[in-house]
Every structure is written in C-alpha cells, then in structure tokens.
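The report below describes selected local features of one structure, which is shown here for reference.

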Amino acid sequence: MTTSPATAEATAPAALVDAVRAVWADVLEIDVASVPADATFLSLGGDSVLTVRMAALIRKRLGVALALSDVRVEHSAAHLAVLIHERSAGTGSLRPLPLELNRRDDPEAPFPLLPLQQGYFVGQQGGWELSYRSAHHYVDIGLLDIDPDEIGEALQDALERLAEHQSVLRARVRPDGRQKILPLDHPEAMPRLRVTDLTEMDENEIASRLDAIRGEMSTEGPDPAHGCGLDMRLTLLPGRKARLHSSTSLLIIDGWSSGVFYRDLFALASDYNAVLPPLEIDFGDYASTLEGLPETEQWRADRDWWWDRLDDFPLPPALPLTADPAEVRPTLMGTRQAVLDAERWAALREQCARHGVTPSAAMFTAFSAAVARACGHRRFLLNTLQLNRLPLHPDVPRLVGAFSSTVLMPVELPESPVFADLAARTQQDVSDALAHNLVTGVEVSRELGRRRGTRRPVAPVVFQSTLGVDAALGSEVPRSAGPLGTIDLLSHHQQLRTPQVALEVRLFELRDELVVVFSLVEEIFAARDVDRMFDDVMTTVESLVGEEGWSARVVLPEALDVSDEGAGGGRLSVPAGPAPATADEAGAPRDETEREIARRWTALLGRSVEDRAADFFGLGGDSLLAVRMLAALARDGVAQVTPRRFLERPTVAGLAAAVRKGAGDQP
C-alpha cells in the first residue's frame with residue numbers, strides 16, 4: 001500500500017505549513033526562510049535517513065504520529081502539512097503508525113530479536129552458507145595529544161556510564177533466540193576496557209603488536225550469546241598518541257547506533273560530570289512493541305505488496321566465482337577502500353540535489369551499473385541495508401540498538417540510459433520499496449527461499465549507505481574529547497564480518513569526506529575481478545562530481561538475464577535446494593523418537609505434523625525456529641544436533657536419525 005498523494009486542491013492552514021517548515025529548518029540546519037513551502041525535502045538536502053529525525057520532531061512538536069511512508073523525500077513542506085492536517089482531522093487515506101510504543105513492566109524480561117538480528121544470530125551457528133562465529137564490525141582510530149595518566153580511567157568510566165544509559169550495551173542473547181538486559185549490579189554487565197602500553201616499544205614492535213591486536217579483534221569478535229557484545233581496547237603509543245580499538249557485535253549496534261555510541265562515549269569521557277539527556281524508553285521496549293507488528297493491518301498490507309511480486313524476482317547477479325560459497329569457510333572479509341575528498345564530495349551532493357535524487361540513490365545506481373558490467377546482464381536481485389527506525393517515540397533516534405533492516409531490490413536496467421534518468425528511476429524504486437518497510441528483507445528472503453526451495457542466501461550482494469547519519473543525529477563525532485585528546489577519524493582501520501553476504505559495498509562520511517568500501521569473501525572471487533568492479537564504481541562516482549557524468553550514457557551489457565549456461569557452476573546464483581542425502585519414506589512416525597519430534601514441530605510450527613518425511617522448512621519453519629528447536633533438544637537432554645547435520649536431512653525422520661546417533665543409539 002502506497003501513501004496517497006495529497007490532491008492539488010488540498011491545502012493546510014498556513015500556520016501548520018510554517019510549523020513544518022520550521023521542523024525542516026531544524027533538521028536540515030538551515031534558516032527557515034530558506035525552506036520554501038513548495039520545495040521538496042530532497043531538493044533542500046534531505047534524505048531518507050533525515051526523515052526519521054523529521055518524523056520524530058513532528059510527533060514531538062505537533063503531536064502527530066506519521067509513518068515513514070508519509071514523509072517521503074519527494075514531498076514538499078506544503079504537501080506534508082496537508083498529510084498532517086488530514087491525519088489530525090481523521091480524514092484522507094493515510095497510513096497511521098501501526099503500534100504505540102509502551103515500556104515493559106520488567107526491564108530485565110527477555111524480548112525478541114528483530115528480523116535482521118535473527119539473521120545475524122542464525123549466521124553465527126555455523127550451519128549456514130558463509131557463516132562466521134561472530135557477526136561484528138571492527139575499527140580502530142587515532143588519538144593525538146592524549147593525557148596518558150587520565151585516558152584509561154576516563155574511558156572506563158565513560159563506558160560504564162554509557163552502559164547504564166544505553167541498556168542494550170548490557171544485552172545478552174539466549175540460546176532460544178531471545179535477548180535480555182543484565183541488571184546493573186550483575187558482575188558481567190559492564191563492558192571492560194583493556195589497555196596495552198607500547199610507549200617504550202620501537203616502530204617495528206609497535207607495528208607487529210598493532211597487527212596482532214587487529215587480527216585478533218577482527219577474527220574473534222564479541223558475541224552477546226556468550227558475553228559482552230562490545231570489545232574496546234586502548235593502545236598507548238609514544239609521543240602522547242594512542243589508538244582506540246572497538247569491535248562491536250552487529251547484534252547490538254548498527255550503523256546509526258555507532259554514531260550515537262561514539263558521540264555519547266566521547267562526551268562522557270571528556271567530562272566526568274557530563275550528564276546525557278535521560279531516555280524514556282530503551283531498545284527492549286521498541287523490540288517488544290514490534291513483536292505485535294504482524295498482527296496489524298498495515299503489516300499484512302506490506303506483506304501482500306511484497307508477496308505479490310516475489311515470483312517475478314530475479315536471481316542475484318551472476319558474478320564470476322572461483323569457488324562455491326557453500327564449500328568455503330571464511331574467517332575474515334577482504335576490503336577495498338577509497339575516499340572522495342571533501343571538496344569533490346560537496347560538489348557531488350550539489351549535483352544530486354540539482355537532479356532530484358539523494359546521494360544514496362546515486363551511489364546505488366553507480367553500484368548497480370558496475371555489478372551489471374561485472375556479471376554480464378542487466379536484471380538481478382540486490383540487497384540493501386536500511387537504517388530502519390520506526391518513529392514510535394521521540395527518543396527512538398537517540399537509542400543504541402540493532403534497528404537496521406534489509407530491503408530486497410530487484411534491478412532491471414534499460415539498455416543505454418542517461419545516468420541522471422537512471423538515478424531518478426532508482427530514487428522512485430527505492431522510495432516505493434521503503435514505503436512498504438514494515439515487512440523486512442529478512443522476512444521477504446525467507447519467503448523467497450521457501451518458494452525457490454533453497455536455503456542458500458537469496459540476495460548475497462549488498463548495498464549499505466549511512467550517508468546523512470551525522471545530520472540525522474544533529475551532530476558528528478567530536479574532534480576532541482578531554483583526556484582522549486584529538487580524535488583523528490581519518491586515521492582509521494576497519495574490518496567487517498557479515499554472515500550470508502558474498503559482497504557488500506558500504507558508503508559513509510568521515511570529516512566531510514566520502515568513504516567507499518567493498519567488503520567481500522575473498523575465497524570465492526578472483527582479486528582482479530573485484531579490483532575491476534571497485535575501480536568501475538569509483539570511476540562513476542568521481543564522474544558525478546561534474547555535470548558530464550550525469551548526462552553521459554551508461555554502457556551496459558546487451559543481455560537482460562544471464563543465460564542458462566551462465567547461471568550455474570562457478571557463478572553466483574541461487575539454484576534449487578539440494579536433494580536430501582537420504583530420501584525418507586513417507587508415512588506416520590515409526591518410533592517414539594520420531595513421534596516426539598513430530599510433537600515438538602507441531603507445537604513450534606502451529607500445525608499438525610503427521611508425515612515422517614515432512615520437511616521442516618516446507619512446513620513453514622525458518623532458520624531461527626530451527627536454531628531454537630535444536631537448542632531445546634540440547635537443553636532438554638534429548639541430543640546435541642548441529643545445524644549443519646540438521647540441514648542435511650531437515651525431516652522428522654532425518655532429525656530422528658541424528659538424535660539417535662547423537663544419543664549413541666543405532667541410526
């Protein structure tokens with residue numbers, strides 16, 4: 001269901017239009033006189049990230065709760081004022097927010113993982129393609145002119161106060177796939193800073209020790225299923241310098257939250273007396289509220305919108321591979337990185353505004369074209385990571401948590417488009433998809449995999465943009481922080497590990513510069529192919545600084561779809577699910593073990609399971625339910641069955657055989 005546009009005749013009171021203009025001025029940090037009533041949010045420099053803050057401010061100041069689909073970037077202030085007027089009057093065909101956020105009675109009670117958290121949690125179980133023991137992001141940054149006597153104590157104090165303020169930093173994930181917050185007095189609740197003093201070391205020893213720290217933190221990331229989801233360390237260096245190392249679990253901190261985390265951490269570290277504005281809610285309240293989302297009419301409408309399109313979705317791009325993703329066991333994702341300096345990045349943003357597209361839409365267009373040239377066809381499925389925070393409460397933008405969700409984006413590029421036209425088309429496609437954001441890409445992927453009969457990742461090529469987050473937060477990470485001295489963000493080193501992702505492009509801003517990063521599973525790609533595609537993306541990005549890049553024809557392959565010969569073998573695609581190693585004879589469960597499993601599946605899936613050859617996923621199960629079911633078997637002392645073994649024969653009979661073998665009985 002798409003938001004109905006206000007009619008040309010509809011108007012709102014002038015005072016309401018002015019109130020919207022004032023909100024926009026504050027969000028965009030410009031004078032209200034620079035916000036014409038008929039100018040679009042996009043043309044003034046707004047983007048989809050800033051709409052979250054805008055919706056929150058409108059709710060706070062005007063008392064009107066708007067869905068994100070109501071605040072599209074192509075709307076003007078006058079148009080939005082009409083929507084608000086209609087909402088207030090109870091007229092029109094708008095989509096209200098489906099839920100009201102309520103605080104939990106018990107802040108320590110378990111609450112559900114959001115869909116993308118579920119995906120990361122499942123990806124850590126080792127049974128699925130392109131899995132890792134931890135899904136996390138590692139980064140270290142430079143600190144200059146530090147106070148070596150105070151910095152360690154200041155950082156530890158700041159971590160503890162921030163963990164008290166942002167309760168999700170004390171989160172743990174249980175084996176059943178739910179999460180809970182440890183109380184403040186729990187002995188393992190607080191993150192602990194580890195300090196390494198290299199001030200007396202020579203350059204070679206320092207380089208070696210830094211490499212060792214980076215290697216360890218990049219490959220052995222924190223996992224809230226087994227401890228704290230944050231690993232922070234400090235390395236003291238000669239000349240009053242230091243490096244701050246941070247490894248954060250993707251189960252607790254997303255891209256938006258990273259900005260909140262560092263901004264607040266440095267504010268607390270710079271002043272022992274600093275007090276952050278109190279939060280009325282926490283991430284657990286938000287996640288618990290969303291548990292009721294599938295029961296709403298709006299969620300069902302979004303589900304129907306996606307489900308009606310799924311059968312026409314293309315396969316992922318047929319990128320050349322050197323190995324089958326199912327056969328590799330990666331430990332670290334490779335990286336390619338480039339920077340567009342502040343002057344050229346500012347010029348590119350001006351070009352985006354002139355052509356009526358967000359920088360993220362322009363970058364997605366550039367990436368899509370490069371992918372098409374690399375895979376040799378113009379129709380394919382991409383995955384996008386969205387900083388999806390429903391404006392259920394004014395404090396939502398200020399919370400740390402794993403709010404992000406994915407959105408699947410079918411791409412079908414015309415044969416020889418002008419880049420500006422292609423970007424405008426992308427902008428519309430992305431806006432339409434985001435207008436149906438109540439159903440996440442994880443849920444869509446599960447249904448798509450079910451229809452295709454596969455448990456392989458259906459969209460392993462990902463686009464992620466956090467452009468605009470600093471503006472949405474209202475401030476950037478400070479340039480200095482008391483005992484921490486000067487924060488040198490441009491001196492940074494990073495690594496990413498994301499389960500079930502073959503290739504991901506990430507775009508973010510550092511000190512007014514654009515950073516473009518490829519993170520990829522190097523075991524399945526030829527280095528020359530990755531380098532060629534990355535150079536292709538950057539060539540297009542740099543061309544968009546001037547008008548000539550926007551007016552140029554985009555050279556694309558002739559083929560719309562990959563040929564049958566190119567869709568298999570060493571190409572990235574999603575074939576039909578593999579046949580089970582052993583076919584199970586249909587019929588009623590034959591012994592007590594099979595009957596016990598059938599009873600458990602009946603209770604878990606909410607449907608009668610009477611056939612021993614019934615497939616868990618065919619019955620409506622998903623990977624999270626599978627992990628939960630296997631954990632229950634282990635907890636109840638039935639047997640320890642790994643996800644990988646279960647996936648070999650995900651039937652009643654197959655699991656019963658694995659249980660008997662695990663219990664020491666004859667299969």
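D285 touches L101, N102, R103 and R104, not counting residues up to four places away in sequence, where contact means heavy atoms within 4.5 Å. This residue, D285, lies in helix α8 (residues 283-290), helices (H or I, at least four residues) and strands (E, at least two) being DSSP runs numbered from the N terminus. D285 is buried, with a relative accessible area of 2%; buried stands for under 20% relative accessible area, exposed for over 50%, and partly exposed for what lies in between (1.4 Å probe, protein chains only).

The model is a predicted one, in which local features need pLDDT of at least 70 and side-chain atom pairs count only at pLDDT 80 or more, while totals for chains, interfaces and linings use all residues. Residues are numbered from 1 along each chain as its sequence is written, and side-chain values use heavy atoms, with hydrogens and water left out.

The C-alpha atoms of L50 and W24 are separated by 9.5 Å, although the two residues are 26 residues apart along the chain.

Strand β14 is largely enclosed by the rest of the structure, because eight of its eight residues are buried. From this strand E513, V515, V517 and S519 point one way, whereas L514, V516, F518 and L520 point the other way. In a regular strand the side chains alternate between the two faces of the sheet.

| Partner of β14 | Sense | Bridges | Opposite residues |
|---|---|---|---|
| β8 | antiparallel | seven bridges | T335 and S519 |
| β13 | antiparallel | eight bridges | E509 and L514 |

With β13, strand β14 also forms a hairpin that has two residues between the strands, and R511 in the turn has a positive phi of about 50 degrees.

Helix α15 (residues 527-543) has 17 residues that should span 24 Å at 1.5 Å a residue, and its end C-alpha atoms are 24 Å apart, which agrees; the expected span is 1.5 Å times one less than the number of residues. The buried residues of α15 are V530, M533, F534, D536, V537, M538, T540 and V541. These buried residues pack against the strands β8 (334-340), β13 (503-510) and β14 (513-520), and also against the helices α10 (342-354), α11 (359-375) and α12 (419-434).

Notes
Two strands pair if DSSP finds at least two bridges between them.
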